[in-house]
Amino acid sequence: GELYLTNAVITENDAGKSGGGYAACPTSQTVVRLKNGAAVYGNKAKTGREVHINASVIWYGNSAKPKYELAESMLGGAPYHWKIDDTSDENGRELPHGRLHGELATGELNLANDVSEEGIAAAKELAAVEIIGNHAGQRGGGIGSNGDVYIGTGGQIAVRVKKTWKDNNNARGNRPKSVRVGLY
């Protein structure tokens, strides 16, 4: 199956093991986009308080490679600050931007986040769907899926950037030939 969800708040859910807010099985594709997206925060689980994506298929003896894409910002525009939420040495470290999308070859991706009160208020104003106060014995307190889940709309956006040099018209001759710009 496929779930399409827009303008959602997923909070105050809990799972006994992982994925208090959202849990995806290895057969799932997970796409969370900023535009008309979701705010996933304040959920509870032993690991992956907010998000759990699993690539291990123990009962079949092999692994799937679920694709995922996670927005850097939640509904309303506040940053997510996705953090590893598991028992590994990386626990508590912010997930690098390059790992917000890809294909999970093995294991699990368990995430929590820190969101501001202002960000939560902005998300609540835009929310049309609330997934609140649910419980799962193992995984997926708010949403548990073995199908594809698409939260939000649209894909990449184009942004025009203009670099203005403030170096007295390259008086010292230090200006590089090119500049790479990252937009977050």
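**Reading strands, rings and loops**

Colleague: Which residue stands opposite Ala24 in strand 7?

Modeller: Ile53 does. This is a predicted model, where local features need pLDDT of at least 70, side-chain atom pairs count only at pLDDT 80 or more, and totals for chains, interfaces and linings use all residues. Residues are numbered from 1 along each chain as its sequence is written, and side-chain values use heavy atoms, with hydrogens and water left out.

Colleague: How many helices and strands are in the chain?

Modeller: The chain has 1 helix and 17 strands. Both are DSSP runs, numbered from the N terminus: helices are H or I with at least four residues, strands are E with at least two. The C-alpha atoms fill a box of roughly 65 × 40 × 30 Å along the principal axes.

Colleague: Now the pairing. Which strands does strand 4 join, and how do they run?

Modeller: The general idea: strands of a sheet pair through backbone hydrogen bonds, either parallel or antiparallel. Two strands count as paired if DSSP finds at least two bridges between them. Here, strand 4 (residues 22-24) and strand 7 (residues 51-54) run parallel and share 3 bridges. Besides the pair you asked about, Tyr22 stands opposite Val51 in strand 7.

Colleague: How many bridges join strand 7 to strand 13?

Modeller: There are 4, and those two strands run antiparallel. Strand 13 covers residues 108-113. In this pairing His52 stands opposite Asn110.

Colleague: What is the strand order in that open sheet of 5 strands?

Modeller: The order is 11-13-7-4-16, with mixed pairing. Strand 11 (82-84) and strand 16 (143-145) are at the edges. Each has a single partner strand, so one side of each is left without a neighbour in the sheet. The twist averages 15° from one strand to the next. For such angles, axes are lines fitted to C-alpha atoms (for helices, over the stretch in contact), and values run from 0 to 180 degrees between N-to-C directions.

Colleague: Which way do the residues of strand 7 point, and are they buried or exposed?

Modeller: Val51 and Ile53 point one way, His52 and Asn54 the other. All of them are buried. Buried means under 20% relative accessible area, exposed over 50%, and partly exposed in between (1.4 Å probe, protein chains only). Across the chain of 184 residues, 40% are buried.

Colleague: What is the order of the open sheet of 3 strands?

Modeller: That order is 6-2-14, and the pairing is parallel. Strand 6 (38-40) and strand 14 (129-132) are its edge strands, each pairing on one side only. The twist averages 10° from one strand to the next. Strand 2 (residues 8-11) is joined to strand 14 by 4 bridges. Ile10 stands opposite Ile131 there.

Colleague: Where does Asn13 lie?

Modeller: Asn13 is in the loop between strand 2 and strand 3 (14-15). Asn13 is buried, at 1% relative accessible area. Contact means heavy atoms within 4.5 Å. Leaving out residues up to four places away in sequence, Asn13 touches several residues, among them Gly20, Asn43, Lys44, Ile131 and Gly142. Glu12 lies in that loop between strand 2 and strand 3 too. Glu12 is exposed, at 54% relative accessibility.

Colleague: What is the phi of Glu12?

Modeller: It is near 60°, a positive value in a residue other than glycine. Asn36 is not a glycine either, and has a positive phi of about 55°. Asn36 lies in the loop between strand 5 (30-32) and strand 6. Asn36 is partly exposed, at 31%.

Colleague: How many aromatic pairs are there?

Modeller: A pair of aromatic rings is described by the distance of the centres and the angle of the planes. Rings of Phe, Tyr and Trp (its six-membered ring) pair if their centres lie within 6.5 Å; planes under 30 degrees apart count as stacked, over 60 as edge-to-face, the rest as tilted. The count here is 2. In one of them, the rings of Tyr4 and Tyr150 have centres 4.9 Å apart and planes at 15°, so the pair is stacked. Tyr4 is in strand 1 (residues 2-5) and Tyr150 in strand 17 (residues 148-151), so the pair ties together parts 146 residues apart in sequence. Tyr4 is exposed, at 58%, whereas Tyr150 is buried, at 17%.

Colleague: Which charged end sits over the ring of Trp165?

Modeller: That of Lys163, 4.7 Å from the ring centre. The rule asks for NZ of Lys or CZ of Arg within 6 Å of the ring centre and within 35 degrees of the ring normal.
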